[in-house]
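Visitor: I'd like to learn how to read aromatic rings in a protein model. Can you walk me through it?

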Amino acid sequence: RPLRPGTTIRFGFGRRQRVGVYRTLQYTESQVNSLCITPNKKFLAVAGNPHVRLYEINSNNPNPVTSFDGHSSNVTSVGFQKDCKWMYTGSDGSVKIWDIRAPGYQRDYQSKSAINNRRSAPKSG
């Protein structure tokens with residue numbers, strides 16, 4: 001279920017009994033449809049409408065370090081490849097692959113259905 005605009009996002013790491021809040025973000029731009037922390041725990045991706053904002057976890061800066069714009073509707077899914085170079089996002093009828101070090105998306109795959117979930121597959125061979 002999406003989170004309303006103006007939602008306060010709090011997150012942290014650690015053992016269940018001792019989780020400390022490392023960061024609090026006030027997200028007012030749109031509803032929040034999906035959240036994902038990079039495998040190296042450096043960034044938090046916030047998927048909204050129609051963009052994804054990337055925030056540094058170990059920073060007090062309330063602004064995103066970068067924005068990924070390219071979808072035309074709600075971004076409902078976001079995730080990262082294990083070495084954190086690639087991000088994948090899904091929206092109504094589109095999956096996009098992004099190099100987080102470069103502007104713009106590198107691949108765009110169209111679907112006749114809404115994209116509600118995603119998984120990455122490790123490279124085989």
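Visitor: How many aromatic pairs does the count come to?

Guide: First, some background. This is a predicted model, where local features need pLDDT of at least 70 and side-chain atom pairs count only at pLDDT 80 or more, while totals for chains, interfaces and linings use all residues. Residues are numbered from 1 along each chain as its sequence is written, and side-chain values use heavy atoms, leaving out hydrogens and water. Rings of Phe, Tyr and Trp (its six-membered ring) pair if their centres lie within 6.5 Å; planes under 30 degrees apart are stacked, over 60 edge-to-face, and the rest tilted. By that rule, there are two aromatic pairs. Phe68 and Trp98 have ring centres 5.3 Å apart and planes at 70°, so they sit edge-to-face.

Visitor: Which rings form the edge-to-face pair with 80° between the planes?

Guide: Those are Trp98 and Tyr105, at 5.5 Å centre to centre. Put together, Phe68, Trp98 and Tyr105 make one aromatic cluster.

Visitor: Is Tyr105 buried or partly exposed?

Guide: Buried means under 20% relative accessible area, exposed over 50%, and partly exposed in between (1.4 Å probe, protein chains only). Tyr105 has 37% relative accessibility, so it's partly exposed. Phe68, at 2%, counts as buried, and so does Trp98, at 1%.
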